[in-house]
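The exercises below are meant to be worked through with the sequence and the model side by side. Try each task before reading its solution.

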Amino acid sequence: MAKKSGGGGCLVVVLVVGLLIFGYYKWQHGSSAAPPDGADTGGGSGRYVALGDSYTSSPRTGGQAGQPAGCERTDDNYPHLVTAKVKPAEFADVSCGGATTASLSSTQKTSNGSNPPQLDAVNGKTTLVTLGIGGNDVGFLGIAPSCATAHPSASPCKDKLTAGGHDQIAERIASTAPKVGAVLDKIHAKAPQAKVIVVGYPTVLPDGDGCWPVLPFGSGDVAYFRDGLADLNSMLEDQAKSHRAGFADTATPGKGHDVCADSDKRWVEGLLPASPAVPMHPNARGEQGMADVVVTLLKLP
């Protein structure tokens, strides 16, 4: 009996250790993290600079904000919503649709005007920076139109992108990682006192097989891109942690608000938007959800 009891005790220990390891992994991946200490922003003090791509600029969800018009930057995107809560002395939103990590350091040409290097807006007075970038480096939205299929279980994009034993999405995410890290280092060099938050991408695709034909992607491609976006967010989280930045996990609160959710629940619109937004992008509800995560990390009084 004693021997049997001892075996049960070992099993309990193994289970507890396993749960602790799983909990540690979940804590390490898929959770928001506050930025390291830096200068305070808010109540009429500090300078907030928002950098990013179209998930930050939020095309068509509100009125145009700033120039050039080709960036499709709106006045109800998450940077503007964060600013309304934080109330900094200065605010610069230089996000731009189509931006890549290269657009942070180089001029970006758009269909209507050119956006200066986004890092030009970051200076010694900057006390808060949010960065939402990486999706265009990987190329998710450029790939999506070719994934439509008449067969709900098909996976034409996965088959093409993993042919020959090479996962192109995984390779692109890996090659984007050092670029994101380099951008964070440049931000710290230009604004040594700033709190920096990397803003992850919200949940776009649901668990399960999707919602064919409303979203005409086969179940194989839905799973492939859902996993790819999760890997992108994990990479962004890792880069944030290793380059003295916080991480805003918008995917976890975005669960159940994906493109297949009811129109009054969605944070991200599908190929035929039911609310003002461009296809496969956040609507105003999604931008508010993203802003809420950032504001929470700032621990305002």
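**Exercise 1: the sheet**

In E6, Val-196 is the bridge partner of Val-129. This is a predicted model, in which local features need pLDDT of at least 70 and side-chain atom pairs count only at pLDDT 80 or more, while totals for chains, interfaces and linings use all residues. Residues are numbered from 1 along each chain as its sequence is written, and side-chain values use heavy atoms, with hydrogens and water left out.

Task: starting from this bridge, find the order in which the five strands form the open sheet, and work out which strands stand at the edges.

Solution. Begin with strand E5 (residues 128-132), which pairs with E6 in the parallel sense over four bridges; helices (H or I, at least four residues) and strands (E, at least two) are DSSP runs numbered from the N terminus, and two strands pair if DSSP finds at least two bridges between them. Next, E1 and E5 also pair in the parallel sense, over five bridges, and Gly-52 stands opposite Gly-132 in E5. Four bridges then join E1 to E2, again running parallel, with Ala-92 in E2 as the bridge partner of Val-49. Put together, the five strands form an open sheet in the order E2-E1-E5-E6-E7, with parallel pairing. E2 and E7 each have a single partner strand, so they stand at the edges and one side of each is left without a neighbour in the sheet. On average, and with direction ignored, neighbouring strands of this sheet are turned by 15 degrees against each other; the axes behind such angles are lines fitted to C-alpha atoms, for helices over the stretch in contact, and angles run from 0 to 180 degrees between N-to-C directions.

**Exercise 2: what covers the strands**

Task: state which residues of E1 point each way, and whether they are buried or exposed.

Solution. From E1, Arg-47, Val-49 and Leu-51 point one way, whereas Tyr-48, Ala-50 and Gly-52 point the other way, and all are buried; buried means under 20% relative accessible area, exposed over 50% and partly exposed in between, with a 1.4 Å probe and protein chains only. E1 is thus mostly covered, with six of its six residues buried.

**Exercise 3: salt bridges across the chain**

Solution. A search of the whole structure finds eight salt bridges, a salt bridge being a side-chain nitrogen of Lys or Arg within 4 Å of a carboxyl oxygen of Asp or Glu. Glu-90 counts as partly exposed at 28% relative accessibility, while Arg-47, at 13%, counts as buried. Because Lys-255 lies in the loop between E7 and H9 and Asp-207 in the loop between strand E6 (195-199) and helix H8 (219-242), the pair ties together parts that are 48 residues apart in sequence. Asp-207 counts as exposed, at 56% relative accessibility.

**Exercise 4: the surroundings of Thr-250**

Task: describe where Thr-250 is found and what its side chain meets.

Solution. Thr-250 is found in the loop between strand E7 (246-248) and helix H9 (284-298), and with a relative accessible area of 0% it is buried. A polar atom of its side chain lies 2.9 Å from the backbone oxygen of Gly-200, and the backbone oxygen of Tyr-201 lies 3.4 Å from a polar atom of the Thr-250 side chain. Leaving aside neighbours within four places in sequence, the residues in contact with Thr-250 (heavy atoms within 4.5 Å) include Val-199, Pro-202, Trp-267 and Met-290.

**Exercise 5: an aromatic pair**

Task: classify the pair formed by the rings of Tyr-55 and Tyr-201.

Solution. The search finds four aromatic pairs in the whole structure; rings of Phe, Tyr and Trp (its six-membered ring) pair if their centres lie within 6.5 Å, and planes under 30 degrees apart count as stacked, over 60 as edge-to-face and the rest as tilted. For Tyr-55 and Tyr-201 the ring centres are 5.3 Å apart and the planes stand at 70 degrees, so the pair is edge-to-face. Tyr-55 and Tyr-201 are both buried.

Key:
A polar contact is a pair of N or O atoms within 3.5 Å; within protein, one must be able to donate a hydrogen and the other to accept it, and residues adjacent in sequence count only if both atoms are side-chain atoms.
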